There are 4 protein chains.
Amino acid sequence: MTTHPRSAPHEYSLAVRVYYQDTDAGGVVYHSRYLDFMERARYEWLRALGFDLGRLTRDFNIVFVIRSATLEFLRPARLDDLLQVTARVAEAGRSRVVIAQRILRDHAALVEGTVNAVCVNLDNWKPVGIPAAIRHAFEG
Amino acid sequence: MTTHPRSAPHEYSLAVRVYYQDTDAGGVVYHSRYLDFMERARYEWLRALGFDLGRLTRDFNIVFVIRSATLEFLRPARLDDLLQVTARVAEAGRSRVVIAQRILRDHAALVEGTVNAVCVNLDNWKPVGIPAAIRHAFEG
Amino acid sequence: MTTHPRSAPHEYSLAVRVYYQDTDAGGVVYHSRYLDFMERARYEWLRALGFDLGRLTRDFNIVFVIRSATLEFLRPARLDDLLQVTARVAEAGRSRVVIAQRILRDHAALVEGTVNAVCVNLDNWKPVGIPAAIRHAFEG
Amino acid sequence: MTTHPRSAPHEYSLAVRVYYQDTDAGGVVYHSRYLDFMERARYEWLRALGFDLGRLTRDFNIVFVIRSATLEFLRPARLDDLLQVTARVAEAGRSRVVIAQRILRDHAALVEGTVNAVCVNLDNWKPVGIPAAIRHAFEG
């Protein structure tokens, strides 16, 4: 489960350092913080694909809304660790997308998760088809 | 899904107010914050059952470690909302326990989640049986 | 400095429990978290005076914006502590107000701070006089 | 990355992106978050000087503890902003150091602050002289 190749095709990876602000009195990263790290990776990945938040709202009038998430905590991350936080499309529908994400230290997975997001129109918050340009970018 | 009785037997409920610190620029509660609200409910529930953190470490030499979590975001919570955050045992093994949690506003579920925790010994962080006193308290 | 009476006139106090989410790997509350606790006390105090956030925006079309803050960390708060977070008006101008806040455990001050806020109009974000009703409430 | 003009001598600068997790329902960065950004800059600066956290504890048996902080909020940072977070020694005593920090966007200061820290021995948490190697590094 933790041994899949580090460079899955189309997998984005962001380096994230662990600071005191991310840890708790148990000496490890506080569990909800991993969701925050995962958000950072998703937005840097969209930016790397050419779709920063400004462009999503200005050019497409959309935003991605999270509908559900799952998290598996395999091993704890610790203060000062340098983590790799990945993101890739695991599944895509017309307006829905499932992002698979991992948090790694030295190629070992510490956390694995999925985030289910829906593309909504900013005017009425109703689901709308993911723009073709973004869909193509997701597919690499 | 959102209509089950508010007072399931043995369901604990904690009131949590939403402040600016809990919200994001989308005008709603930031998604990872719900996990934080859920932690507050779990520890107040343990405290209400007579098992505060001091007692868990001092009398039992244990701590509960989270192994996985799932979250479904049904409707957004907003600034100044007064939420009810619930917790109940959905399933219990020798050392494992699945806690089902909901976040409600005016009896409507906004978030539903599960937290899988394992009872570990503080000396070696190995799984250990949940103490009988706590198990009985869980069962009401 | 830490021995002034707990019940200064017109001093509001909110109980706040410390959870894992508030602590860091040093075993104490992470320093920026005290600002979060202080926000909770300010809004509960406004609410107790009859001015919840909804009323501030709907009836007065204002919001309080923080211009500066100071924090003195005297002693650390720890996991599971039950803290009292206070707020009182230290100084008030036409549109400005200085709120003095303390974080106490068993009547001993752990943190002392001030928050300088300005009352601004929601349409143009320009300073505007603090409404008389709120000013009177502040003065007790 | 650390070479921007404005460069006061020996001023370190870290790039920090603003994500949803950093913002609040007012549409801007939540005020206590700036302290978190400032922590990140301080530790990356120590690391750049050759003193990561591991080395501080292992080689020197010390940690820096924050005694007080001041913050001036000049202009709000917003979602997706790319900020520069600076740190420099404003004043140094035997065991105390005052770090001046700024948060900039396009060379304009959004936040200015100071953090007063004390170097303490990890065994007894008593103030101890800042090691000469670190003091020299601070002085550039």
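Buried residues make up 39% of the 140 residues in chain A. The model is predicted. Burial here requires 20 or more other C-beta atoms within 10 Å of a residue's own. Chain A contains three helices and five strands. Along the sequence these elements run in the pattern β-α-α-β-β-β-β-α. The radius of gyration of chain A is 16 Å, close to the 14 Å that the globule rule gives for 140 residues, so chain A is as compact as a globular protein of that length. Along the principal axes, the C-alpha atoms of chain A fill a box of roughly 45 × 30 × 25 Å. Among contacts in chain A with a separation of 6 or more, 68% link residues 24 or more positions apart.

Chains C and D contribute strands to one open sheet of 10 strands. The strand order is E1(C)-E3(C)-E4(C)-E5(C)-E2(C)-E2(D)-E5(D)-E4(D)-E3(D)-E1(D), and the pairing is antiparallel. In this order, E2(C) stands beside E2(D). Strand E1 (12–17) of chain C and strand E1 (12–17) of chain D form the edges. Each edge strand has a single partner, so one side of each is left without a neighbour in the sheet. From one strand to the next, the twist averages 25°.

Within the chain C part of the sheet, E3(C) spans residues 82–92 and E4(C) spans residues 96–105. These two strands pair in the antiparallel sense over six bridges. Across this pairing, C:Val89 stands opposite C:Ile99 in E4(C).

Helix H1 of chain C covers residues 33–48, a run of 16 residues. From its first C-alpha to its last, H1(C) reaches 23 Å. This span is close to the 22 Å expected at 1.5 Å a residue. Of the 16 residues of H1(C), 13 are buried, so the helix is largely enclosed by the rest of the structure. An α-helix has 3.6 residues a turn, so residues three or four places apart point the same way. H1(C) is followed by C:Gly50. The phi of C:Gly50 is positive, near 100°.

Chain C also touches chain A. The contact takes 10 residues from chain C and 10 residues from chain A. On the chain C side, four residues are nonpolar, five are polar and one is charged.

How values were computed:
Residues numbered from 1 in each chain as written. Chains lettered and ligands numbered in written order. Predicted model: local features only at pLDDT ≥ 70, side-chain atom pairs only at ≥ 80, totals over all residues. Helix = DSSP H or I, 4+ residues; strand = E, 2+ residues; numbered from the N terminus. Expected span 1.5 Å × (residues − 1). Buried ≥ 20, exposed ≤ 12 C-beta atoms within 10 Å, placed from the backbone. Contact = placed C-beta atoms within 7 Å. Nonpolar A, V, L, I, M, F, W, Y, C, P; charged D, E, K, R; others polar. Rg over C-alpha atoms; globule rule 2.2 N^0.38 Å. Pairing = 2+ DSSP bridges. Axes fitted to C-alpha atoms, helices over the stretch in contact; angles between N-to-C directions.
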